[in-house]
Each structure stands twice: as structure tokens, then as C-alpha cells.
Amino acid sequence: MARNKFSTNFLFNVFGSIFPIIVSLGTVPFYLHLIGTDRYGIVAISWILLGYLGFLDFGLSRASANALAQLGHATSRERSPVLMTAFYSNLGLGALGGLILYPIGDMVLLHFVRIPPDLMAETRHAYPWMAVMLPLGMINGVATGAMESRERFLLSNMLNSSTTMAGQIIPLICIHIWGPQLTVVLPSIVLSRLGMIMLSYCVVMALEWPIRPLDFDVTWLKRLLGYGSWVSISSLINPLLDTSNQLIIGATLGVTSVGQYTVPMNLAMRSQVVATALARTLFPRLSRAERGEAVDLTRRATSSLTYGFGMICAPGIVFSGAFLHMWVGGNFADVSRPVAEILMFGAWTNGIAFLPYGLLQGQGRPHITAKVSMVEILPFFCVLWLFIKWWGLPGAAAAWTLRVTINLIALYLLSDCLSRQTWRLVPGMMIMTGALIVSLLVPMSLLVSAGAAAVVGLAMAFAAYRLDPGLHEMVHRLVPRAGGKPRVTITG
């Protein structure tokens, strides 16, 4: 029963992420056509600034999810102080963050990034709406953590998927009605998200009832801040490390290059749907489990994710160039092709790192993930600047991919997941590396790239069957063994 529930929750998380991705992939060409690459790059940088200031919740969203998961079978009365303390704290810190975001965003967007002169006034008038988005995102994290701590992943995914899809579709409708200005796009994103977050809290109130609205607890605040302060360091540094590429590209190559980098970057990050889903499904259990059980669970999940996610990323590397030509076409695809190929490899290693990252935080050791991120800052920025100077956009992609690969190795070692069975992961790394080298060096037509993608996908599937015990067991459970003795029934 527990395995069936875990599998069901995992599928909810997968499909709950896939639907918004499909909508996003379908809407990007419309955005590029309707508002242009320059406006799209400005919107992308605005989202980056929101990610940077997400640390202002001091990790309370993650801390409350961890605490509520440990109280998964407690009464609503016991859970209420955690929930309400996290809500009020995030609301207040989000409002503070919005006030901080406004002058910082004005400085970055209007003085650091090279924005075309004809868009300066429009950007200045539209930007305040992004500051409003920050507190909304912070309180939404508390609602999501409350639902997932009870393993109500169906509800959580339905609401989060609807929020994301509304934020993609409603702005297009508004553009069609009122025109392709940033002063139309950004307010429509904010208002659509506000409506969906209000709905999420109605659902949380129903799940957690009876909730006492004034149930703010200073003791719980101290406990949450003790855990969350380290999480907040990761929340500050990780978005900086993941998306600083776009800011430096905007400063050195211009806002048009930001759009040419952001599209393949978003594509690569959204390919992590399986990794994200598995990490989300595991986190409540890793928070409740004893250390030995949690480590063993993470090791087995890492093996399955290495090959399961590799069956997506290896073909994705080879086929990304052809896909971009079919999707966005023209010179845009020619520039973005090598970027997409390199970033897809990085998306694979980064996705696997979600598991030891979740193990460390679930077991109450968020200080380790924070310290790893702190150590990476200076070397990464040095490498990033040099790689962009030498190789342009592909250099930025290579710097990010190198960082997340080293990050995976560090987290895997520090989480004590290394074992004698780790050698089983090496063939997966070899297949991924081979796919990247071939895609970068060998020009391929649409048919050739499709055939090559099929070959590397089958190679990864074969390696998974031979080397991953979990997948091997699943296949033999679902498929009758060849050569098995037929069952003979004798009658009368």
C-alpha cells in the first residue's frame, strides 16, 4: 500500500508539472511574436530578480514544510501554530521584500541591463507590479508545504498547475485585448496569481480546520528560523548561481542575447519535471524517516533517477537543435542550439542533485547545503565571466553545467550516499557525455538527429535495465518472464 501511494504521488507530481510545461512551450512563440524578444528578455530578468529575493522568507516555507511533515499524523490543533506562524511571517517578510525589490529592480533593469531606449519608459511604469509578486510567491510556498506535508499531492499539483497556466494564458488574452505592452503583461500575471493563491488558501483552511487565525507562536518562530536561516542562504545563493548568467549576458551581450539564452535555459529546467517530482515526493518521507532508512531510500532513488531522467535528457541533447528549429525557427534557433545541448546535460546532473539536497535538508542538516553553495560563489563567477568572454552564450551554458555537476558530486559525498554500488551510475554518465560530444561536433539533419536520439535513448534504457535494481524489478513485475512454464489446468 505504501509503495502504491508513493508511486501515485510521484505520478501526480510528474503530470502536475507536465501540463504547465506544455502550456508554456505552446505560449513562448506567441509571446516572442506578440511582444518581441526585447520585451520577453525584460520579463525574464524581472522573474530572476524575484528569485534572488526569495531568500527574504529566511527559509520559513521549507522549514514549515519540514516541521509539518514531521507532524503529519498530529491533530490540527498541534499543526495550527506552525502553519499560522509561517503564514504571518512570510506575509510580513514578503511585504518587506517588495519594498526592497523596487529600488533594486529599478537599478538593475534601468542602469545595469542594456534596454533599448524606446522601452525605458514602458519598463519603468510596468516594473512596480513585479514587486507585488514577491509576497504572493512567499505565502504560496506555505500553502504548498501544508498540502504536501499531508502528502495531498493531487490537490497541490492541481492548484499550482492552474496558477502557472493562468499566468501564461491570461496575459496573452490581455495582450490581445489591450496591446503588447509590459504595462499589460506584468499586471495580468500578478492578478492571475493572486486569484489562484486565494483559492489555495481556501483549500488549506478546509484541510487543516479548525485553524485559529491568531495562533502565532514565538517558540515555533524561533525553531523555524533556526532551521530556515540556513535554508535561506541556499535560497539566496542558488538562484544567483542558476540565473546570474542572464544578468551578465544582458550586461555584456545585450538584452536580445538574454532572450536567446533564456528560452533554452527554460527548456532545460523544465525537463527536470521527473527529478523535481521525485524529490518533492520523497521530502516528507525523508523528514520523518530515521537516518539509515533515509540514506538507503536516497541511494535507490538516485540510481533510478540517473537512468530514468537520462532516458529523457540523452535524447534531448541530441534532438534539441532540431526541436528549436521546429519550435522557434530561424536565426534564433541557430544561436540557441549549442546552448540548449550543453544546458540539457547540466539539467540532468542538477536534477540528480535534488535527491541528496533533499536528504540533507529533510534530515535537519540544511547548513551543509548552504555551505556548499557559499563555497561555489567565487569560483563560479570567475569561470562564468571568462567563459562568456571566450565563447559567448555557449560559454555561459558550459559554466553553469560545470558548476551543477561539481555540486552534485559534493552533495552526494557529504550526504553519505556513496557506497560500493555507486559504480552502477558510471555508464549513465558515459552515455550522457557521449551524446553531448556528438551533438556539439556532428551536424545533423532532422531525421538524423531523431535517429540518434532514439539510439542514445535505447542505450540508456538498456543500461537502466541491467544496472538499476528498481527498474529491473519493475519490468519483471509488469512483463511476464519469457520462457516461463505455462499454467496447466486439468479438468474432468
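**Entry 1**

In which helix is the place of leucine 458? I found leucine 458 in helix α16, residues 446-467; helices (H or I, at least four residues) and strands (E, at least two) are taken as DSSP runs numbered from the N terminus. I noted that this is a predicted model, in which local features need pLDDT of at least 70 and side-chain atom pairs count only at pLDDT 80 or more, while totals for chains, interfaces and linings use all residues. Residues are numbered from 1 along each chain as its sequence is written, and side-chain values use heavy atoms, with hydrogens and water left out.

Leucine 458 counts as exposed because its relative accessibility is 62%; buried means under 20% relative accessible area, exposed over 50%, and partly exposed in between, with a 1.4 Å probe and protein chains only.

**Entry 1. The chain as a whole**

I counted 17 helices and zero strands in the chain. Of its 492 residues, 55% count as buried. I also looked up contacts, meaning heavy atoms within 4.5 Å. Among those between residues at least 6 apart in sequence, 86% join residues at least 24 apart.

**Entry 2. The nonpolar cores**

A nonpolar core is a set of buried Ala, Val, Leu, Ile, Met, Phe, Trp, Tyr and Cys residues joined through side-chain atoms within 4.5 Å. The largest has 68 residues, and Tyr261, Leu305, Leu343 and Met432 have the most contacts inside it. Helix α12 (residues 330-362) gives the most to this core, with twelve residues. Apart from this core lies another, of 58 residues, which includes Tyr40, Leu93, Ile189 and Leu224.

I examined two residues further. Tyrosine 261, not counting residues up to four places away in sequence, touches Asn245, Gln246, Ile249, Val339, Leu343, Leu393, Ala396, Ala397 and Trp400. Serine 336 is found in helix α12 and counts as buried because its relative accessibility is 0%. With neighbours within four places in sequence left aside, serine 336 is in contact with Gln260, Pro264 and Leu324.

**Entry 3. Helix α14 and its partners**

How do helices α9 and α14 pack? I found α9 (residues 255-270) and α14 (residues 393-414) at an angle of about 35 degrees, with their axes 11 Å apart. Axes are lines fitted to C-alpha atoms, for helices over the stretch in contact, and angles run from 0 to 180 degrees between N-to-C directions. The crossing of α9 and α14 is right-handed; a crossing is left-handed if the near helix is turned anticlockwise from the far one by less than a right angle, and right-handed if clockwise. On the α9 side the contact is made by Ser257, Gln260, Tyr261, Met265 and Met269, and on the α14 side by Leu393, Ala396, Ala397 and Trp400. By class there are seven nonpolar, two polar and no charged residues; Ala, Val, Leu, Ile, Met, Phe, Trp, Tyr, Cys and Pro count as nonpolar, Asp, Glu, Lys and Arg as charged, and the others, Gly among them, as polar.

I next took helix α8 (residues 218-252), whose axis comes within 10 Å of that of α14 and crosses it at roughly 165 degrees. That makes α8 roughly antiparallel to α14; angles under 35 degrees count as roughly parallel, over 145 as roughly antiparallel, 65 to 115 as roughly perpendicular and the rest as oblique. This crossing of α8 and α14 is right-handed. Here Leu241, Asp242, Asn245 and Ile249 of α8 meet Leu393, Ala396, Trp400, Arg403 and Val404 of α14. The residues of this contact divide into six nonpolar, one polar and two charged.

I looked up aspartate 416 in the loop between α14 and α15 (426-441). Aspartate 416 has a positive phi of about 65 degrees, although it is not a glycine. Most residues other than glycine have a negative phi. With a relative accessible area of 39%, aspartate 416 is partly exposed.

Is glycine 179 buried or exposed? Glycine 179 counts as buried, at 13% relative accessibility, and is found in the loop between α6 and α7 (182-208). Glycine 179 and isoleucine 35 are 144 residues apart in sequence and 8.9 Å apart in space, C-alpha to C-alpha.
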